[in-house]
Amino acid sequence: EDGIRDLVRSRGLGDVYKRQGINAEYGASSTLPIMSVTELADCVSCHAWNADRSMVAFSPNNNQVHIWKKSGNTFAPLAILKEHDHLVTGIDWGAKTDRIVTCSQDRNAYVWTRDGDSWKPTLVILRLNRAATSVKWSPLENKFAVASGAKCVSVCYFEQEHDWWVSKHIKKHKSTVLSVAWHPNNILLATGGTDYRARVFSAFIKGIDARPSPTPFGEKMNFGELMKEFDQSNSWVKDVDWSPSGNKLAFTGHDSSLSVVDVSSGSIQVQNIKFPDLPFQQLKFISEDAIVGAGHENNPTLFENAGGQWKYSRRLDEPKTGGAKTSQTAFDVFKAKVEVGQDSNVSALDTKHQNMINSLQVLRSGDKIVGYSTSGTDGKLVTWDLPK
């Protein structure tokens, strides 16, 4: 608690906390049900929830991870995780083990084990010579994968004999890897990166995983085996995600495109959709036939599968009354800053997020998806109901 007070004073977070009803000395009066907006900091780079959504971990765009805890309908700062030396780029909170894994531009990862209201860190040596960019627990949470700027992915698992986390590298990338996503079978790993490719690899580790069954992506599943490569995106592949069944893989490119790989028929079929908005930073399946993407448009966007054809559906934060297109309003804000040197006379955008969305998470109740949440460079955390 003393550490949180000190950080609030030293970092000037008191004003941020007061704006949302949180006492800078330690306390809270804000609420966060489904469909709500909460200001966490001046900027949030990533966030993750625990299993029952009673706590949220986020990085305020620095080398720290803040954990807030829910009490009734209120949230209050609980702990600050400080081991990283540089910007935290990824957070994932395991629903089964209640462990947090974080990665950073300092090229390291930490596994945080809860002890009451504090967390004990375990350093994981990733053996990287470039920054880590993203991290994800596997479905069984006995492994995690870390994307990096070193043209490889570190797959880490716990070695009981030596009581430490061991990392193995999946290479075969030609540039920075930006995102990773685990297939529900705990073996296949999808990656997306700046070499304009999405790939599916085997992350089978002998002694950790049961021997996998054949999949439409291939039968040979030695560790690091490239199962399939997709080049439908003509730009950086910003994010990848599997559907709940694992029969579909989606990836989004910086050319404002969404590609969906479907293997439900036993063969591999790929659809590529160009959408009219600014590019996404992240995407998530919210059901087997619905995808939400979010990014530079400041506005989550829905894609739906109708009769086997994926189509752009709609923006999910459109104003109820008429108004200018969100991206045009955002441009007006930028134009005012450039030409006038200020934005005090520019009205707020008519979307809940006032700047880019850079983190998107699904909200679950057990295995059921009940909503999703977004955070961005405006420092806001928004929780959303599933679209109807």
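Reader: What is the mean pLDDT of the chain, and which stretch falls below 50?
Author: The mean pLDDT of the chain (the predictor's confidence in each residue, from 0 to 100) is 88, and 85% of its residues reach 70 or more. Over residues 1-32, however, the pLDDT is below 50, although this stretch has 71 contacts (heavy atoms within 4.5 Å) in the model beyond near neighbours in sequence. The model is a predicted one, in which local features need a pLDDT of at least 70 and side-chain atom pairs count only at 80 or more, while totals for chains, interfaces and linings use all residues. Residues are numbered from 1 along each chain as its sequence is written, and side-chain values use heavy atoms, with hydrogens and water left out.

Reader: Why is a space called a pocket rather than a cavity?
Author: On a 1 Å grid over the protein atoms alone, a cavity is a set of points where a 1.4 Å probe fits but cannot get out, whereas a pocket is an open set with protein on both sides within 12 Å along at least five of seven lines. The largest pocket holds about 1,100 Å³, a volume being the space filled by probe spheres set on grid points that are joined across faces, edges and corners.

Reader: What makes a residue part of the lining, and which residues lie nearest the centre of the largest pocket?
Author: A lining residue has an atom within 4 Å of a point; 34 residues line the largest pocket, and Asp-92, Trp-137, Pro-139, Val-362 and Arg-364 lie nearest its centre. The strands giving two or more residues to this lining include β2 (46-49), β6 (88-93), β10 (132-137) and β26 (357-365), and β26 gives the most, with 4 residues. Strands here are DSSP runs of E with at least two residues, numbered from the N terminus.

Reader: How many residues of each class line the two pockets?
Author: The lining of the largest pocket has 18 nonpolar, 7 polar and 9 charged residues, where Ala, Val, Leu, Ile, Met, Phe, Trp, Tyr, Cys and Pro count as nonpolar, Asp, Glu, Lys and Arg as charged, and the others, Gly among them, as polar. The second largest pocket, of about 590 Å³, has a lining of 8 nonpolar, 15 polar and 4 charged residues. Ser-45, Thr-89, Thr-133, Gln-282 and Asn-358 lie nearest the centre of the second largest pocket, and β6 gives the most to its lining, with 5 residues.

Reader: Why do β10 and β13 count as edges of their sheet?
Author: Four strands form an open, antiparallel sheet in the order β10-β11-β12-β13. Within this sheet β10 and β13 (164-170) each have a single partner strand, so one side of each is left without a neighbour in the sheet. Neighbouring strands of this sheet are turned by 25° against each other on average, direction ignored, with axes fitted as lines to C-alpha atoms and angles that run from 0 to 180 degrees between N-to-C directions.

Key:
Two strands pair if DSSP finds at least two bridges between them.
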